[in-house]
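Dear colleague,

I am passing on the structure below, and my notes on the contacts between its chains follow it. Please read them alongside the coordinates.

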Amino acid sequence: MPEDWMNGLLGGGLIGAAAGALLLLNGRIAGVSGIVGALLKSPQGEALAWIERAAFVIGLVTAPLVFGALGGARDVIITQNAGLLIAGGLLVGVGTRMGSGCTSGHGICGMARLSRRSIAAVATFMGVAVLVVALKTLISGGGA
Amino acid sequence: MRTLIALLSGLVFGLGLMLSDMVNPARVLAFLDIFGAWDLTLAFVMAGGLAVSAGAWALAGRRDRAVCGGVLPGKPTGAIDAQLIGGASLFGLGWGLVGVCPGPAITGLLIGGWPIALFVAAMLAGMIAHDALIAPRLARTA
């Protein structure tokens, strides 16, 4: 198996283990859009839950530092088009809140429990994203 | 204790995104590009994540409460409605345009430079806009 696929499988296992631990120990779904979205609201009446969510996000943000300390490195290769970044960010923000989840909440957590809503959501966002990438390639004249 | 578990869960989640290279939008777009030079890595990430996560759900099914207290989330009972499909479509549109979804966006903040920072700022603005402006209207028309 190519090394990329092996790293993908192992990395996916870590993601699943993190989500599983959060579920079994804390009773929470490891959906990043749900956690971040709830953090953006005032913590009224549930300060402890708010702090828990903040801790999860701090863990995510600091992960590259720990990965680096362990000797690993990853590049982030992304478009430099500011308009595209703003449009993409807005769409992802609105869409994940409206659709109640993203690749982690619906993909890793929801599909693993065979939730029909999550399977429908994943099929929809993957299908649309594949179409968008195909159209981008067409418009740019087939070049990468 | 719960806070420490949440911190470690986020950390391990982020390490998984790093190891699998899902923090790299080019890698994600290469998976979505099924008519081009298709890169299957994301499918392996999903397979690994689902296998372990499904085991956790199976264990969760045998108990009522989480180890540190609190009720375990029940099976979702909602219908597949227009909001779910509409939201997933908008998300797919943004994901296909840039190749970034919320987990890798947050994890990439310290290593992704200004493009990831700009994306995250727009994403947070989109979330706030949805919850403050769009959700109340959808609730009224539903």
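At roughly what angle do the axes of α5(A) and α3(B) cross? They cross at roughly 60° and come within 8 Å, where axes are lines fitted to C-alpha atoms, for helices over the stretch in contact, and angles run from 0 to 180 degrees between N-to-C directions. The two helices are therefore oblique to each other, since angles under 35 degrees count as roughly parallel, over 145 as roughly antiparallel, 65 to 115 as roughly perpendicular and the rest as oblique. G107(A), I108(A) and C109(A) of α5(A) make the contact with M46(B), G49(B), L50(B) and S53(B) of α3(B), a contact being two residues whose C-beta atoms, placed from the backbone, lie within 7 Å.

Please note that this is a predicted model, in which local features need pLDDT of at least 70, side-chain atom pairs count only at pLDDT 80 or more, and totals for chains, interfaces and linings use all residues. Residues are numbered from 1 along each chain as its sequence is written, while chains are lettered from A and ligands numbered from 1 in the order in which they are written. Helices are DSSP runs (H or I, at least four residues), numbered from the N terminus.

Over the whole interface, 97 residues of chain A are in contact with 103 residues of chain B, and α1(A) supplies the largest share of the chain A side, 22 residues.

L40(B) lies in the loop between α2 (25–32) and α3 (41–60) of chain B and, leaving aside neighbours within four places in sequence, is in contact with W5(A) and F31(B).

Best regards
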